[in-house]
Amino acid sequence: MISTQAWDDARCLWDYHQMGHVLRPCSVAVGLGSHDLGVADTAVDLYERGMAPLLVFTGATSPTTRDRMPRGEAVHYRERALELGVPASAVLVEPRARNTGENIRFSKAVLEEAGVDVSSVLLISKPYEERRAYATARKLWPGVEIVSASTPMTFSEYVDSIGDVRLVIDMLVGALQRLLIYPEQGFMISQQVPDHVLRAYERLCHEGFTSRLLHTDTAST
C-alpha cells in the first residue's frame with residue numbers, strides 16, 4: 001500500500017520534473033530512447049503538427065530494453081515513426097547512446113555531420129525526465145534553445161500505464177537525486193529545487209523509495 005503522504009509527495013516530484021514549456025516550432029525534434037514507445041508517438045504527433053521538420057531518435061539498448069527492443073531503442077523508434085507515416089527522409093538515427101549525456105552529444109554530432117543548422121531543439125523524453133533532459137542539454141549543447149516535451153499525461157495516468165506505482169515513485173526519486181548531484185559532476189546545469197520538493201524527496205527516501213538512487217561517486221548520466 002502507498003500512503004496518502006507518499007502519493008502526494010510523488011505527485012509533487014512529478015510536477016517539478018515537468019518543465020511546462022510552451023511548444024513552438026524548432027529546428028529539429030530529438031526523441032530520447034527508453035522503454036517507452038510513447039516518446040516516438042509524441043515525436044510523430046509533433047512532427048505532424050509542424051513543430052519540427054526533422055526527427056532524430058537516439059539510444060542503444062539497456063537492461064530494460066534489450067529484450068523488448070533488440071535492434072536498439074532509436075531503431076525501434078524510427079520503425080514506429082515510419083509505421084505512423086513519417087517519411088524516411090525526415091528521420092535520423094543515433095544508435096550508440098547509453099545515457100542522457102550521450103543522447104545529447106551524439107545527436108548533436110549526427111546533425112552536424114548531416115549539415116543541419118540547429119538553433120532550437122524540441123527535446124522529447126518520458127514525462128518525468130523532462131527537467132533532467134533539459135538540464136543536460138543546456139550543459140552539453142550550448143547556443144541552442146531547448147524546448148522540453150513529453151506525452152501529455154497526469155501522474156495517475158502514467159502510473160496506470162506502467163502498472164507499478166512503487167517503481168514509478170522510485171524513478172521519480174532517482175531523477176530528482178540526479179538533478180541534485182550531477183551539476184557538481186559537470187553533467188548538467190544547476191537548477192533551483194524548491195524547499196517543498198526537497199522535503200517530499202526526503203520523505204520518500206525515508207519511506208524506502210530508493211531503488212533508483214545512485215551512490216554519490218557515480219559518474220554516469
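A: Helices here are DSSP runs of H or I with at least four residues, strands are DSSP runs of E with at least two, and they are numbered from the N terminus. Keep in mind that this is a predicted model.

Q: Thanks! How do I read a pocket, and what volume does the largest pocket have?

A: Rolling a probe the size of a water molecule over the atoms shows where empty space is left. Here the largest pocket has a volume of about 820 Å³. Its lining is made up of 33 residues, and Ser62, Thr64, Lys126, Glu129 and Arg132 are the ones nearest its centre.

Q: Which elements give two or more residues to that lining?

A: They are α4 (100-113) and α7. Helix α7 gives the most, with 6 residues. By class, the lining of the largest pocket has 11 nonpolar, 15 polar and 7 charged residues.

Q: And which residues lie nearest the centre of the second largest pocket?

A: Look for Leu23, Glu130, Ala149, Ser150 and Pro152, which belong to a lining of 15 residues. The second largest pocket holds about 210 Å³ of space. Both α2 (38-48) and β5 (145-149) give two or more residues to its lining, and α2 gives the most, with 3. That lining divides into 5 nonpolar, 7 polar and 3 charged residues.

Q: Let's go back to α7. At what angle do the axes of α6 and α7 cross?

A: Two packed helices are described by the angle between their axes and the distance between the axes. For α6 (residues 155-162) and α7 (residues 165-185), the axes cross at roughly 120° and come within 8 Å. So α6 is oblique to α7. Their crossing is right-handed.

Q: Which residues of α6 and α7 meet?

A: On the α6 side you will find Phe155, Tyr158, Val159 and Ile162; they meet Val165, Leu167, Val168, Ile169, Met171 and Leu172 in α7. This contact has 10 nonpolar residues, with no polar and no charged ones.

Q: How do α1 and α7 cross, at what angle and with which hand, left or right?

A: Helix α1 (residues 4-17) and α7 have axes that cross at roughly 50° and come within 10 Å. Therefore α1 is oblique to α7. The crossing of α1 and α7 is left-handed.

Q: Which residues take part in the contact of α1 with α7?

A: From α1 come Ala6, Trp7, Ala10, Leu13, Trp14, Tyr16 and His17, which meet Val165, Ile169, Leu172, Val173, Ala175, Leu176 and Leu179 in α7. The contact of α1 with α7 counts 13 nonpolar residues, 1 polar and no charged.

Key
Residues are numbered from 1 along each chain as its sequence is written. This is a predicted model: local features need pLDDT of at least 70, side-chain atom pairs count only at pLDDT 80 or more; totals for chains, interfaces and linings use all residues. Side-chain values use heavy atoms; hydrogens and water are left out. Axes are lines fitted to C-alpha atoms, for helices over the stretch in contact, and angles run from 0 to 180 degrees between N-to-C directions. Angles under 35 degrees count as roughly parallel, over 145 as roughly antiparallel, 65 to 115 as roughly perpendicular and the rest as oblique. A crossing is left-handed if the near helix is turned anticlockwise from the far one by less than a right angle, and right-handed if clockwise. Contact means heavy atoms within 4.5 Å. Ala, Val, Leu, Ile, Met, Phe, Trp, Tyr, Cys and Pro count as nonpolar, Asp, Glu, Lys and Arg as charged, and the others, Gly among them, as polar. On a 1 Å grid over the protein atoms alone, a cavity is a set of points where a 1.4 Å probe fits but cannot get out, and a pocket is an open set with protein on both sides within 12 Å along at least five of seven lines; lining residues have an atom within 4 Å of a point. Grid points are joined across faces, edges and corners, and a volume is the space filled by probe spheres set on the points.
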